[in-house]
Amino acid sequence: MENKEKKDFRNNDSLVIGRNAVLELIKSGREIENILVARGELEGSVNRITALAREKGIVIKTVDRKKLDFISAGANHQGVAANIPAHEYSTVDEILELAESRGEAPFIIICDEIEDSRNLGAIIRTAEACGVHGVIIPKRRNSGLNFTVAKTSCGALEYVKVARVSNLNSTINDLKKENIWIYAADMGGKLWSEVDFSGGAALVIGNEGKGISEHIKSNCDMTVSLPMKGKINSLNASVAAGVIMYEIARQRL
């Protein structure tokens, strides 16, 4: 079992380990999901790595050395590793340009702190099936385009544009200027089947446990809800997203 795990991690080309390798990766300008630094490793070249990463706006996470040992499969990580995306990111402008090129009103999904990579992958898969022009995710506190997302999307990641932004609220304000209505998928709103989704639409899907952040929800134009007949009070994020996405797609037929 141990040998199999080591082989799997070494074949995972989303991970770059070692101080020099990570430093050169940052200098190259390639997209980086985040940099993992072992707790206590804040001297020498590690300081240079973290300073350059902050300068470029790259997320830095402090982790236990044992975690780095595990994901590096025993290789010499020197206290530093970097995760790179499984697919290239697009921009919000490219998403809007795609909608325009098709002669369609923009149809966008916004993920607010979706932390489970399998949920994000499932959302992207359904988005592709529903004709969504693109998915927007925040740079921090959200799953990025890692290999679990790519695998769960079952190939859809190759066809769906995903943009990663520093400030979701600022992006939402920019979308509003493009006459795109922002719909929050949350409790206490209008029944999803009674909402007119014609025109530009961006659907916000919240965190698996906390839902949509209050500062994001307050900036949405409308809250859309699904009826809950059972004893639980919420659905899995990707399931809720799928139901509403298909209603938006149905109205566009």
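**Salt bridges**

Reply: In this predicted model, the side chains of Glu113 and Arg141 form a salt bridge, with N and O 3.4 Å apart (a salt bridge is a side-chain nitrogen of Lys or Arg within 4 Å of a carboxyl oxygen of Asp or Glu). Glu113 sits in the loop between strand 5 (107-111) and helix 6 (117-129), and Arg141 in the loop between strand 6 (134-138) and helix 7, so the pair ties together parts 28 residues apart in sequence. Helices (H or I, at least four residues) and strands (E, at least two) are DSSP runs, numbered from the N terminus. Residues are numbered from 1 along each chain as its sequence is written. Local features need pLDDT of at least 70, side-chain atom pairs count only at pLDDT 80 or more, and totals for chains, interfaces and linings use all residues, while side-chain values use heavy atoms, with hydrogens and water left out.

Me: Is Glu113 buried or exposed, and is Arg141 buried or exposed?

Reply: Buried means under 20% relative accessible area, exposed over 50%, and partly exposed in between (1.4 Å probe, protein chains only). Glu113 is buried, at 10%, whereas Arg141 is exposed, at 56%.

Me: How many salt bridges are there by this rule, and which residues are linked in a network?

Reply: The count is ten. Glu31, Glu33 and Arg164 are linked in a network of salt bridges. Within it, Arg164 and Glu33 meet at 3.0 Å, N to O. Arg164 belongs to strand 7 (residues 161-165) and Glu33 to the loop between helix 2 (19-28) and strand 2, so this pair ties together parts 131 residues apart in sequence. Arg164 is buried at 15%, and Glu33 is buried at 9%.

Me: How many disulfides does a search of the whole structure find?

Reply: A disulfide is a pair of cysteine sulfur atoms within 2.5 Å. The search finds zero. For Cys154, the closest cysteine sulfur, in Cys130, is 15 Å away, too far for a bond.

Me: What is the volume of the largest pocket, and which residues are closest to its centre?

Reply: Rolling a probe the size of a water molecule over the atoms shows where empty space is left. On a 1 Å grid over the protein atoms alone, a pocket is an open set of points where a 1.4 Å probe fits, with protein on both sides within 12 Å along at least five of seven lines; lining residues have an atom within 4 Å of a point. The largest pocket has a volume of about 790 Å³. Of its 28 lining residues, the closest to the centre are Ser14, Asn34, Asn83, Ser117 and Asn146. Helix 7 gives the most to the lining, with three residues.

Key:
Points joined across faces, edges and corners; volume = space filled by probe spheres on them.
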